[in-house]
Structures are given as structure tokens and as C-alpha cells.
Amino acid sequence: MTQLALVIDLNVCVGCHACVTSCKEWNTSGQAGPMSDFNPYGADPTGTFFNRVQTFEVGEFPNTETVHFPKSCLHCEEPPCVPVCPTGASYKRKEDGIVLVDYDKCIGCKYCSWACPYGAREIDEQQKVMKKCTLCVDRIYDSTLPERDRKPSCVLACPTSARLFGDVHDPESEVSQAIRESGGYPLMPEWGTQPANHYLPRRKTKLRIHEDELVRADNPLKVDGKLPKPAKAEPSLDDVTSW
Amino acid sequence: MSAVNPSVQEVKKTTCYMCACRCGIRVHLVDGQVRYIDGNPDHPLNQGVICAKGSSGIMKQYSPARLTKPLLRKPGSERGAGEFEAISWEQAFSILSERLAKIRATDPKQFALFTGRDQMQALTGLFARQFGTPNYAAHGGFCSVNMAAGMIYTIGGSFWEFGGPDLDRAKLFVMIGTAEDHHSNPMKIALSKFKRNGGRFVSINPVRTGYSAIADEWVPIRPGTDGALLLAIIHEIIAQGLYDRDFLVRYTNAGQLVNLDAKSDEFGMFLRTEVPEEEGCFDPQNKLWWDRASNKPVITHTEGCDPFLLGEFKLSDGTPVKPSFQLLQERVQDYTPEWAEGLTGIPAATIKRLAYEMGVTARDQKIELPIAWTDSWGKEHDTVTGNPVAFHAMRGLAAHSNGFHTIRALAILMSLLGTIDRPGGFRHKAPFPRPIPPCAKTPNTPLAVKPNSPLDGMALGWPAEPDDLFVDEAGKPVRIDKAFSWEYPLSVHGLMHNVITNAWRGDPYRIDTLLIFMANMAWNSTMNTVEVRKMLNDRDENGEYRIPFIAVCDAFQSEMTAFADLVLPDTTYLERHDVMSMLDRPISEFDGPVDSVRIPVLPPTGECKPFQEVLIELGTRLKLPVFVNKDGTRKYRDYPDFITNYETEPGSGIGFLAGWRGKGGEKFMRGEPNPRQWEMYAANNCVYHHALPRSYQYMRNWNKGYLEWSQRSRITRYAEPILIHLYSEVLQKFRLAAQGKGITRKPPEHLKQRIETWFDPLPFYAEPLEVQATDTHKYPLAAVTQRPMAMYHSWDSQNAWLRQIHTHNYLFVNGRTARLAGIDDGDWIWVESQWGKVRCMARHSEAVEPGTVWTWNAIGKAAGAWNLTPDANESKLGFLLNHVISEELPSPLAGEGQGERGNRISNSDPITGQAAWYDVRVRISKVSPGDTAVTSPQFEALKPYPGQEERRSLWNFFAGRRT
Amino acid sequence: MHPAFSVIFLTTLIGVGQGLFLALFTVESYAAFDLLPPQAGRFYALGSMLALGFLVAGLIASFFHLGHPERAWRSAAKWRTSWLSREVIVLPAFMGVVFLYGAAHFTGFNPALATLPSGVPVNVTAILGVAGTVLAFALFVCTGMIYACLRFLQEWHTPLTVINYTLLGGASGFVLATALAALSAPEVAGFYGGWAMILTLLALVGRAASLLRNARLRPKSTLRTAIGVKHPRIAQKAQGAMGGSFNTREFFHGRTAAFLRQVKWLFLLLAFILPLGLLAGGAATGSAALLLAAFVVQYSGLLAERWFFFAQANHPQNLYYQAVS
């Protein structure tokens, strides 16, 4: 059974928001669209987005990490938002595990959003139906698109390729390998929702310089005769031992 | 669900312009509306990716801030009030051409053309030169000219368009200072690959955001002290012998002997032999080494010789000499890590460790590529070697008044490590490397400005010595911005940030017409914003405007357009032709020259007209020579026609575009015009990429094959090697002039000391000028800005999607600093410098060093500007730091900038005129209780202009459905 | 959570309707076993119509919660998994039974269908009454479980939620029944008054228990688990939007902690303390006005209680929406 998902590599995410607006531009004119914007040119502009990049500071100066954190629907394997939906508008597809909303069935009761611990769902205040990341379901199977383009818009946009896309049930997939090899983890594991999306943690490359690496036979200072030498007048053992 | 996307009818390729990065894009259209913009996977620059701005192009195209009609200020209304009436293009052209014709016939310098972050400086520069005015520049002077000048005067190339870090091969990458938008997507692509390949990324920055966030190590530093850090690292690299001696000997002037006879006019200059010298802007190979084997001076690069880099020697005539490397070593002797710790706030142990990491990585992780090449002295090399330590820096180093020397220090450090144009280090991009300095020169006399004649020389150039300065007999500036004068001799990008103040004051003279293209000089692109806005609207004693006529061309209603007498509506990037030309700032890759074009995907909105067409029309009406035939008739139908057929000189074969030249498109770089050139670009992703043979891709400063190719392709005039200037004779020549030596021009008395101090042939550390002029007990904190990656300067507040991400801004303050000042997270505070103050909100942060406060650049807007509602967050909660930054500093020197504000000099680097944005010092305090919760200062709200679309309060954008 | 008035009215109004019906059928049952004097059909009919009125009002209120009320019929589809769907089925069923119960009493169509061994006749209203009672309790369970089943809303995820919905609905229904009886069936007013006080006291105990429980809750989710970074000091700086979003509007009450505390004391006073006093006063004086006042005061207290119920629930998604910059 296939479970499509995103794996987001926090190790390389620079927080550029490319995934945020590429998602918006694809989806506002796609099956999920339009995605309305209120006060687009006024006070407190607010609109429907399926994906946001947040920023957190970890630790205290000077040991601070700035973590950019993209967040969208995690397509849980046990999605708490699906069983609570009274109409069946919220559903998880058997064939690929994508959690979707049938906008024609949705009554806009928002109950599914209450049932999501991640805040991944947003009601479209104009159309009054619940919307969320679809993993660009209207792209990824579109045979009119070249193979390369059959990926979620955010994945294609991401300049640091921090967003990997694939089947997390296929152990040989790029995403499964990344999770396995780079310490991929789910969000809020305490709720047993088993998010399909995973995050890869920061990984640090350190360099250790051994003291003896600074001492080298081919030190260029030697060539110019400038390696520090004791002055000839400085006392030496040679001066005082006679046996 | 089988999802199809049947409605997209057309996909057109062009080049993005949501920032200056110039990625290839595909624009998907539905019923003539933009449905989707994605990265072009076949484009060498962005390889299919796109950023937040690029993905929001739709909202730029359909923004209500767009100007759609030429506008004339209503009679009787004040500048700045933004009251206009719509006029026709014919009216606009006749107003402008009549005025400009009069100016050109009398005194062409009364016309000034300054442009913002545009990408057509080759054309705007050509127009200005043809007009005959010296008063032309783009935004470089207030952007990163220190980066360009500091590195080009040292290694013959620089970061961004000119070169960059080779992260594909680097093992250690050090990024210093703010560099988020230069380069944007290519840097992100490279950083990610670099990290995934296990590279180590160190970020040195007062603030940890953006790219620094993913650094393996963040080294917080106090703003403006980067020079101290770099000099201390150089100190340590030399003290430990961690430099690449072979590289220094052969490829830099490290071994060249410097004349140290203090009485000589040649003091501080390299000793030269009596080799016949060809005139030119290159460095002739006539200097001397002190050979270690024979213990005698020899001509550099003599086969079989190896010079001393350290030591002191005496020539047979008794002249004391030292290799320049010896002078460098002496210079950094006292710049110890312990000394730097006190200035930078970085522990000495960390500085040493950084130096060792750099030195040991460079030395022990050498790359050898099996690429044979021949150097300029004829020596054949079987391999190209690289020392995999790469650096990147941009505005964070540049935007300080001590930035030039800081950047020289960086370039020298990169050279000591042997990383220039080598794998894993710094790599050039065509047309660089160029001679040090490049050949282009401005005129050096006011006589070059003549009525009804083109300017006799370039408006911007690369001075190599005092005689190249653009000054009059008395040493006074010829240009309105005082560029290339003794005040800022190497101001190679001009000083746009002083144009309005100078013109207003009439110092050096008054001008008549100021034409501004897409620069927001009444807001975020100017310092001292409140006063500059007054100057724009100020009248003289006769009631005439001090700047009599202001024309502004822009696609959007900005704060600046409100001050225009005439507004010309530009198109968006999706509606026009453009060229990213080899004559300008192309998008070359490490492996060879690349240029690209924009091809319109949509018709112009309303009456919008591309600025290029405006220039060609004006040029034709004014009968500027290149735009008309001999008989004075129109030569070019339009801009595309101009691009196809223009040659720099008749028959030169050099034009704006390098690709598909020659009658059938069979030539590149040089060749006769090809009538189908645009089509060929269109059929090839709008980009021309010439990959050089591998043997020409490295060591290009000294690569015989490459240099000869470059010369044959007319990229460079000479094929001489471009030795790295560890020691800068160019600077020494200015210093000698200040010391009264030699036969060159001499600086005016009051600038002698300034020139002597700053034109030091070796880098040194001095506090920024503003800090020297500040009571730092009163104003203890450095205030800087950072670039949000989802916004480009002030451009995107009119963008419905991007503005939701950055609707207003806070001042970030280190938590400890804030608590000491009694400021809670989210409090309203005053930020005050000696020049002005702003009220804003504070946000505690642990990702900023305690002596620094910062905010996002250009989020704050004037009320009503960019066609936002007057109560929009940008104006009520957002703020501009520019209000606390002055464009001028009080000058301790007599005779400068005499005027109503006393003795003033530009708040700029004294060498390059780089605007010192990041030097300001401030203090912060909580506002008094009950103080209004609105940012200060506030300005009267602008009203929408005629022809602007109404602002929606709800937008359900769905391409193809015209909602 | 952001307290939505549609849901506050829905849950409190139907609670009154359920409680009132239970009160009516309690008296009828007692009367059947001769434990209370029998009442005229008119009393039950009137009471049922009143209960139905509350139920209808609640239903109408619920429609204001929906983005697409015209599609509300679809919401019966997922009764196997969704408590909301179950509520959507049970509520109209219950309303129908209440209507039939009232109609049977009103028309006097109440033939005995069977007789218990004890000789007590099982007539139509008894059958309807039992069905209504079952449905009323089912509805309490459904309504309570809508909230109690959301396991990461820890303030709600407890049996106390269902118990309290039941007790609070029951109490308010019995208080209203007391007032109604004082006006139209004085001989059972005392009975009702007694049970109203007992139920109000029990509801107070239940609600106090949930307040105590919730005061000691430790959130299971923290920023550490929310973003997966193991560090005790994590602070949000930006949430990706500055002008607000669905996430900032739907899941935050937007009031201060002090305001919340005030509401808590207010509802304890209005829903429990004052009604107890008024009920006692009403019982002592037989004043219908006092009893009616007891209901009005208690109902307004329940509105505050329900507001507090939502406001106090801290959704884990709020971890992601703490700061902008």
C-alpha cells in the first residue's frame, strides 16, 4: 500500500517561503481553488494557505539555533480528522494515503480542524469549506505533465530541495531512505496519529584540528627562513655540559 | 483521481524579475491570464527551482499598485501629495524632450539620470553618455560597491554576477555578513548540496537568520568589525605558515619588491626594470623579485627563480626594498586575535580556530583535477589544483565606511589560502577576471561635457590613478554626486544616495531635471528619509523648486512617484523585452559566459510602456547619435530592433547579446547582427550559455589559453596575466599624491589627510566614520537591517501574497539587552540615533548579538503608498530604519560640503563612496505609557492615482476567471 | 478554543430541552406507579412543546455554525465513526419523539398497549417516554463525546465532559420544569424543585471536578514535540503570516487569563449558587417568578459556563501560533 508524503529536511531549509507561495499559486487556480485573500491590500491581510513557514529560536545566545519550520498537512496514517467528519467529506485515499477534502460534501463545520493537533487545516472563509494540502493531487497524476513535473508544487519550487516527496511505505524510496538514514521523525508522536510526513533534523559538520596538524615539514615560513628560532646567545645545554 | 490540467493553453518561457537573481521561468497561461509561474528546469541559473517572490509574480502582475497611465502633477499641488492627472504619451514625450533638448543644447550636466535595481545599465548608461551628461549611475553606490571595488581592485573579480564560491567542491564555506539576496536561488541550491555533501558551513554575522540559520557554526560579530576579524585571521595564517606559498609567488604580487626609499617619489611603489612599457590598463610584467638562489633581484617569473617573500634587502644603488608580503606581515603583526577579540566580540580562541580550520583545510584537502593548462608565462601544468575553502560576503561587509579595506582583507585572505579561481574556492564568471583595475575610464576633465555632444568617456569607470579622477582644475567634482572626485576617488558605481541632497543644496551645482528609474529615493533607498522628502519639495528664494523638474519611471506607485512632476508607467517583467547583457551584468556561470533575455508573455497593461522604449523614443527625438541615422531619422523601430542591430562601434560585431550573432546565428560573443537573434533566444530557454573548454575554466587570471580567448572574443582588451594585488599600487598612487609626491594631480588641501589615511596600499582596520563621530556611550547599539527572502527591497508590499508573510516589522533586540533597558517582548519603543528616531515594536531574540539591533529591510511603508489602504500594517505598525540614518556626516575637515547644514561629507566609504547603511549607532527606550501604538514618523496618506485599479477587499484569484 | 456562540447556544438549548423532557417523563413515570399525583395531558403537552421549542432553537443555532447549512443533511452519513454525525441523527429523532409524546398527550391518544405484571398499563406515552429518555441520554452522550473524543484537547478528553453535559442539561431542564409546574401543575412543583436542586448540586460537583482536573493538567504536547527539537528553551518568532489566519481565529479565545478567571467565578455563581438560592426561595414561597428567575439565571450561567468550556480548552496547534515578527 502506498503512502505518499513529504519529508522536510530542516538541515537545509533556509526559510525562504518558496514552498508557501508556489503552493498558493498552483492551488488557487487548481482543484482546491480559489484560495481567497481578505484585505489583500488593507489592514491585517489574511488568506488561505496550505503551507506556512514558521521560525523558532532554540537555545540562548550565543548558542542559538534559528529553525525554519515549514508546516502543512502531514497526511497521517491514522488521521484524527477523518473519522470525526460527519459527512465523509474528509477522507484518506486507499490508493496513496493522501488525506483529502471533498469540497462538495463539506458542510464547513470545522470539526475536522478541531480534531487535527497540528493546525494543518484552514477553512476558506469565502467558500466556507475546509481546505488543506492535497499533495497537489491535481499535478502528481497528470499525465499531460512531463514526468519531472509530476510532483507537488512546493517540492519543485524548493531551492534547497529541502522537500522530498515519495512513498514512505516503499523502503527503497528516497523518502524512506532519508527517514532511515538521517533521523527522520514525526511531529507530536504522543497522539499516535502517525504522520506520514517526516522531518529531518539539523546535522552538524565539525572539523577537528589536531595540534600537530599545524606543524609541518613543508611550512612555507621555513623557505623564507622565518620559522621562529632561538637566538644564538640564548643559553643551551651544549654550553654547560662537558662530559 | 486522474487530475488533468486542461485549461493551461500556453507555456511561455522568459526570465524572472521578482529580484535581481534572474532565474529562468515558465509562465503558464489560461485565457491570457497567468495561471502558474514555475522555474525553468532547463535554465542554468535556477535549474527549475523558484523562490517565494518568483512564485508570486501573478500578484505583481495584477497588483492595484500598478501605474497604467502617464501622469502629470496637478498644477498647484505639492510634490509628495501625489495628485496627478493622466496625460497621453505624446504629451509626456513632448514635455520631456523639449526640456531635455534645451538642457542638452546648453549644459548637459543639468540632466541627471539615476536608476535603481534595474537590469539595463548598459542601455541607461549609453543613453546618458549619448546625451552628454556625466550625471548617471545606478544603485550600486548605495548597494554593494565596496564588494565590487574591494575585490576587483584586488583579484580582478568579485562576488555575485562576477564570481562566487565553488560550493560544489568546497569543504569549508565561510559566509560573512548579510548576503541573502546575492545570489539568491543559485546560492540556496549550492548551499544545500554543499551541506549534504558533508561540507562545513560557518556563518559570521551579528544575526542568525536566513542562510546563517543552517550554518554548522554561527559566529556572532559586532557590525563593522569584520575587518578586524579578517586581519586577525590573516595574522594567524601568516604566523602559522598556513598560506599557500607557491600560489602567492606565482599568482600574486607577494614577492614583488617595494621601494622603501622614503625620499623617493616612487616610495611605496614596486620597483620596475627598464622593460619597454606598452601603454594600457594592464600591469606590465616589469617588477622585481629577490631571488633566493642567487640572492639578487631578478625580473618576476624568471624561469628557475624563486623569490623571498619575507625579508628586507638593499638594491645596488642602496634603495631599501621589501617584498610586499613582508609588508603585509608587518601590517598584521599587531592585529592579533586577542586584539580582535576586544573589537569583534569573538573570543580569540575562536578566531584562531577559524584560521586553523581555513588554513589546514586549504592545505591538507587539496583537490587535483586532471586538467592540463598553460599559464601566462608559458609553463604547462598537468593539473588544476584547488584548496577547498570558499567564502561569500556581500552587503554585510560592504555597507560600512570601512568596508573597502575589510573586503580587501577578505580578498587577501582568500588569496593567501590559494583559492582564487580554483576548484573549491572562488571562481570567476565572464567577463571577469578583468585587469586591475578594468580599462573603462570616465573623462578626467569637465571639458568632456559639451553642449549637444555625447560625453567624451564613460559616466562610470575604474580610476587607476589620480589623473583618472573626474574633477576640474581646482580638484572639484564634475559629477553631481561627486563620484570620482577626491572625496570618493574610487566611487565606481557613483553615489546615488547623495544626488538629491547635493542637487538641493546646489553643491557642486544645481541641476534642472532629475530622471529616476525604479528607485524609491523618497523612501527606503534614501538615508535621512524625512529630510530628503522635504528637499524634494523644497523651493528656493524665488519660489522655484530647488530641483526644478523630477520625472520618475516605475511600474508601481511608490513613495517616490508621489514626488514626481511627471510619472511614466513602466511595464512589468512579464510584459517586455529585456537583455541580461554581457555589456552589463550578465548571468555567467563559472564555466563560461551566459547571457539571457526576457520576452513578453503578456501585452502591456493599460498604457504602460517599457522604459527601454521610452529611452529609445527620447533618444530618437533628441537625435542622440546612436539612435538616429546620419540624416537624423529614426534608426531603431523599437527596443528589440535596437538590441538586434546595435553595435558598440559600427562593424564591431559586439552588441548587447552575445549569443547567436552573425547573419545566421552561427557566431557568439562577436559577429554581425542576426535578424533572428530574438527567435533563437526564445527557442533556447531565453538563455545563451557558452561553456568554455575545461582547460579555460580555472586559473583564469593567469590562464594563457583563457586570456587569449577572452581577448579574441573582445571580452578583455589585453591578454596579460592579472596578478593579485595583495599590495595595491593603485591606492599607493593616491597616497603619494596626497603626500605631494610625483607628477600627478594633487588633492585639495582639506582632503589630503583623508586620502593619505584611507589610501593605504595594505588593508587596515579603522572604526567606521560614523562610529568615530558618535558618542557610543549615548548610542551604544549598532542597528542594521536584514533582507527577508520573501521580499525584494520595497517591491513586494503591493503583492497580496508576499505581504501576508511580512506585513509589518519589529526591531529585534537581544533578550538580555532588552531586559536591561526594561523592554518586554512586544513593547513599543523608541529607537534613536543622533540623527533621528522611530517608534516601533520590539521583539526579543536570542539570535542577535547583544550589541546589535536589527529589523527586516523596507517592510515599513508610507501610508497609502503602493496603493495599500492608509491603515495597512505596513504604515501603522511597520517602520523604516532609514529615518535614523544620515546621508551625511559632519566633517572634521574644513572646506568640504559647505552649505546650510555646515561642513558635511557623505556617510560613505571614503574610498568608494559606498553608502554606510550599517554604521549607525542607536539607543532604545520604552515609550511612555499611553503613547500611541502606531509607528513614527507618519506621513499624510497618499491617495490612489488616476488609472490605478481599485483595491479589492477580497480576492478569489482563479486564473482565467476574471474575478 | 474560540467559543462560537452558535455552539454555545446549541449545546445549552438542547440541554434544557433534554432535561425538561426527562423531567416530564419522570413525573409521568412516578404517576404511573402512583408515586405522584397524575397530571393532565395538557401539562405534558405544554412541557413537550416547550422542550421542543428549546430543541428547535438549538438546532437553528447550530446552523449558524455551518459554512454550508444547505448540505447539513449530508452529516448523517458517517454515524459509524463520527459523534457529530450521531448527534445529527439522534437530535431529530429525539425531537420527533418529543413531538409525538407531546402530541399524544395533547390529543389524548394514549391507549394502553400492554400491561405490566404489576398491573401498571404500558400505554403509548410510556413507550414514547422511554424512547425519548433513551434518546435524550444518547443525545447527551453524543454531544459530550463530540468534545470528549478529541484526545489532544485534554481539557475535554474525560468522562466528566459527558457527565457534565448530562448533569447541566438535566439540571437546567428540571429547573425549568419547576417553574413550569409552579405555573401549571403546582402539586409536582416541590418534587421538581427538589430534583432541580439535587441535579444542580450534582452538576456543581461534576463541573468543579472538571475544573480541578483541568487545573492540574500538564499539556502532553510541547514545542519540543511540536517541532521535534529537543531543547528546553524554544521560542517562536514567526508563524508565517502576520495578519492572522484561521489558526489564530479558530483556536484562541483572544481574552486575558484574568478575564477567563472572572468568567469562571461568574458561571459558578450564575449556574449553581444563585439558582440554588432562588430555587430554595421559590420552594419556600411558592413564587413562580422566583423559580422562573432561577431558570433564567441558571441558563445565563450555562452560557458563561459553555463559553468557558471552549475558551479553557488549549488546542495543541496553538503551540505553532504564539508569535509574529
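Analyst: One term to begin: a residue is called buried if 20 or more other C-beta atoms lie within 10 Å of its own. Also, this is a predicted model.

User: OK. How many residues of strand β3 of chain C are buried?
Analyst: Four of the five residues in β3(C), which covers residues 234–238, are buried, so by the 20-atom cut-off the strand is mostly covered.

User: Which strand of chain A is joined to β3(C)?
Analyst: Strand β4 of chain A, residues 51–58. Four bridges join the two strands, and they run antiparallel.

User: What stands opposite F56(A) there?
Analyst: Q236(C), in β3(C).

User: Switching to helices. What span should α2 of chain C have?
Analyst: Helix α2(C) has 23 residues, 41–63, and at 1.5 Å a residue it should span 33 Å. Its end C-alpha atoms are 33 Å apart, which agrees.

User: Which residues of α2(C) are buried?
Analyst: Among them are F43(C), Y44(C), G47(C), L50(C), F54(C), L55(C) and G58(C).

User: And what covers the buried residues of that helix?
Analyst: The cover includes three helices of chain C: α1 (5–32), α3 (83–107) and α5 (159–184).

User: Now the largest nonpolar core. Which residues touch the most other members?
Analyst: I233(B), I234(B) and A783(B), out of 483 residues in that core. The largest share of the core, 15 residues, comes from α5(C). The core also draws at least three residues from each of two domains of chain B: domain 1 (156–431 + 722–727) and domain 2 (769–926).

User: What does A783(B) touch?
Analyst: Leaving out residues up to four places away in sequence, A783(B) touches V831(B), V853(B), W854(B), L881(B), V884(B), V920(B) and V922(B).

User: Last topic, sheets. What is the strand order in the open sheet of chain B?
Analyst: The order is β11-β10-β9-β21, four strands with parallel pairing.

User: Why is one side of β11(B) and of β21(B) left without a neighbour in the sheet?
Analyst: Because β11(B) (217–219) and β21(B) (389–393) stand at the edges, each with a single partner strand. From one strand to the next, the twist averages 20°.

User: How many bridges pair β9(B) with β10(B)?
Analyst: Five, in the parallel sense, between residues 172–176 of β9(B) and 200–204 of β10(B). In that pair, F173(B) stands opposite F201(B).

How values were computed:
Residues numbered from 1 in each chain as written. Chains lettered and ligands numbered in written order. Predicted model: local features only at pLDDT ≥ 70, side-chain atom pairs only at ≥ 80, totals over all residues. Buried ≥ 20, exposed ≤ 12 C-beta atoms within 10 Å, placed from the backbone. Pairing = 2+ DSSP bridges. Expected span 1.5 Å × (residues − 1). Contact = placed C-beta atoms within 7 Å. Core = buried A, V, L, I, M, F, W, Y, C linked by C-beta atoms within 7 Å. Domains from an automatic or database assignment. Axes fitted to C-alpha atoms, helices over the stretch in contact; angles between N-to-C directions.
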